[in-house]
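Dear colleague,

Please read the notes with the structure open beside them.

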Amino acid sequence: MNPIPMEHGLVLAGILFMLGLISVLIRRNIIFMLVSVEIMLNAAGLAFIVAGARWAQPEGQVMFIFIITMAAAEVSVGLALILQLYHQLKTLDSDAANQMHG
Amino acid sequence: MEDLLWSIPALTFAGAVLLILLGARISRTAVAIIGVGSVGLTALITIILGINFISAHPTPPYYRQEVGQWFDVAGFNPSIAFHLDALSLVFIFVITFVGFLIHLYSTAYMAPDEGFARFFAYLNLFVGSMLVLVLADNLLLLYLGWEGVGLCSYLLIGFWYTEPANGYAARKAFITTRVGDTALAIGLFMLFQNFGTLHIQTIATEAPQLWGVGTQTAVIIAFLLLGGAVGKSGQLPLQTWLPDAMAGPTPVSALIHAATMVTAGVYLIARMHVIFDLAPAAQLTVAIIGAVTLLLAGCSALTQSDLKRVLAYSTISQIGYMFLALGVGAWSAGIFHFMIHAFFKALLFLSAGAIIISLHHEQNMFKMGGLRKLMPVVFWTFLIGSASLAALPLITAGFYSKDQILWYSLAGERGSFWLYLAGLFGAFITGVYTFRMVFITFYGEPKTQLSHPPGKVITIPLVILAVLSLVGGFIELPHNFGHVTIFSDFLTSTLPAITINENLGNLEWLFQVLAVMVSSSGVYLAYLFFLKRPALQNILDQSGLVRSILQFWYSGWGFDKLYDLVLVRPFVYLATINKNDVIDKIYTAIAALARTFNRGLTQTQSGILRWYMMGIVVGALLIITLSLLP
């Protein structure tokens, strides 16, 4: 079977990243924004895996493990912040948190 | 013995510091003890040191003591060192001794004043600064004393600061002398540029090797030094501050005019005589300034009605004599006149002060009159001081010092007939205005009631100074008359002796007799006009021309008006136009711009998360685009 060309993987990663980015920008619900960030992280991870497979180097997978770890930490902190935000404002609308501007 | 040198300025400064710190808390007696005691102790040390110095004949002919170093930057390492030679010894003797008498006198004169402690603190600081100036080993330390004296004169002239006019006089003195000080500072910079040091002795030995006579740099530096001297000594064209300086208490006037401040210029020129020797043009200018000043100030003194202002103009005139002497190269004669002048001018000021307080602070001579019987001690001392000022022959010290200057201004190598003529005419005017003052004040009908006669503390300094004004001249007698040269011999270790024009050598007695006749006729004229036949004054007054000339002289030859028109008015005009500082606009604009940016950027801190994200994205896109561009 023919190997999948690298460009396909990268284009997929690019599309995923752009989708994530756009939804971060347009979503108001803060949980969706968090999810979108996760999508962007996954897109970056995918690009690493593709590159690692292309050059047959292990660093791509190592980086992906890093990204997953970081994402886990980010989600735990992010969820804690979201809980606090909801507790304080009774809403998940990120624009409602604009009193924090300084 | 020379280890004591540092204590001379240090003691007076210690007195000043003590008075500043404790003055408000201790009794007046304690203030007087600290203030007078510190200067008295200094005078005592000076006399001991002086006797030691004269008897030891040190080689090289000076004592030097290094106390410390200011700093050491790129080879410039001025030391704090004191230098005592014949010249500075004469000066510190006059400063401490006359200063002590003035201090003593002040304890009585200022007794009822609120600022008693403040007064003595300033006075001590003044004497200390002057001592630093005179004892300084290098020009930087000299400049420190120089500026210290300027500051103290400002503080003391404006001592009664509640009166706006006094503050104005103080500022005028400060700013006018500052003009000269700036010239002096530039001169010091140039000296440093040429020699790499400000050490006076080094400059004195190296200057003749570096420059020939009349070298341009030397002439420029000499003129700049002269500028400083002219400012401090109240000579033309910076003399206008001195008559107004009479706003201060009378002892201050005595101190400024006799022992400190105005003699600083004379000292500076004598101290830097090597530079002036190399710059004949500048030295000639010194003589001309002296000659012109002594005439102008003498004429102004003729017309004043305020007792102290007569004395102020007389000081300007007498300092003019000193400049004349320095200018013709008669260094020791100039210093001799400085010393004698210090005695009789301090005496005159202090006597005037005694009159003024006894008459409820009345300074107008025409409201005094007939004081001869009421205040006999003051009358006699004032008369002795006046006789010395007018150089009455044989008995007064002023005769010997002034005669020397007149003789050298004619017969000295650099003398000329015109300088002599100016000096001679000045002597005539001196006789007239001095005895005009005496006759108006002490003779005739009493016009004001005496409040209380002066006490012992006031009369004792007067008597001491009167004795000195009489016998002080006997240490230096003319060649054809005793030929005593203690003073000039003493100074030859520091200052070069004058060479006499041989052609005139045997005519000295002729010119002496001439000088005596001229000054005596001045006195006679005053006698005629103001005592014997006062009607003569009315005849003069009827002529409009004479009256306008007298008015012109009264206003100090219109210098104040001239400066007001040429300098003050344009300056005030420019300042008014530029009230909202043009340069300031630039800085205001910069501040406004920064504030605008700040306002714009604060808008972006909206707190809306998606805006921030957008910012990051746009920024990232920009960076990527820029990095992809070739």
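The centres of domain 1 and domain 2 of chain B, taken over C-alpha atoms, lie 79 Å apart. Domain 1 covers 333–532 and domain 2 covers 580–628, with bounds that come from an automatic or database domain assignment.

This is a predicted model, in which local features need pLDDT of at least 70 and side-chain atom pairs count only at pLDDT 80 or more, while totals for chains, interfaces and linings use all residues. Residues are numbered from 1 along each chain as its sequence is written, chains are lettered from A and ligands numbered from 1 in the order in which they are written, and side-chain values use heavy atoms, with hydrogens and water left out.

The model has ipTM 0.81 and pTM 0.78. For chain B the average pLDDT (the predictor's confidence in each residue, from 0 to 100) is 84, and 98% of the residues score at least 70.

The largest pocket holds about 840 Å³ of space. A pocket here is an open set of points on a 1 Å grid over the protein atoms alone, where a 1.4 Å probe fits, with protein on both sides within 12 Å along at least five of seven lines, and lining residues have an atom within 4 Å of a point; the volume is the space filled by probe spheres set on the points, which are joined across faces, edges and corners. Its lining has 30 residues, and those closest to the centre are M33(A), L34(A), V37(A), L609(B) and M613(B). At least two lining residues come from each of α1 (6–26), α2 (30–55) and α3 (59–89) of chain A and α27 (609–628) of chain B, helices being DSSP runs of H or I with at least four residues, numbered from the N terminus. The most, eight residues, is given by α27(B). By class, the lining of the largest pocket has 24 nonpolar residues, five polar and one charged, where Ala, Val, Leu, Ile, Met, Phe, Trp, Tyr, Cys and Pro count as nonpolar, Asp, Glu, Lys and Arg as charged, and the others, Gly among them, as polar.

The second largest pocket holds about 710 Å³, and of its 25 lining residues L302(B), T303(B), F530(B), L540(B) and L550(B) lie nearest its centre. The largest share of this lining, seven residues, belongs to α24(B), and the lining of the second largest pocket divides into 17 nonpolar, five polar and three charged residues.

Best regards
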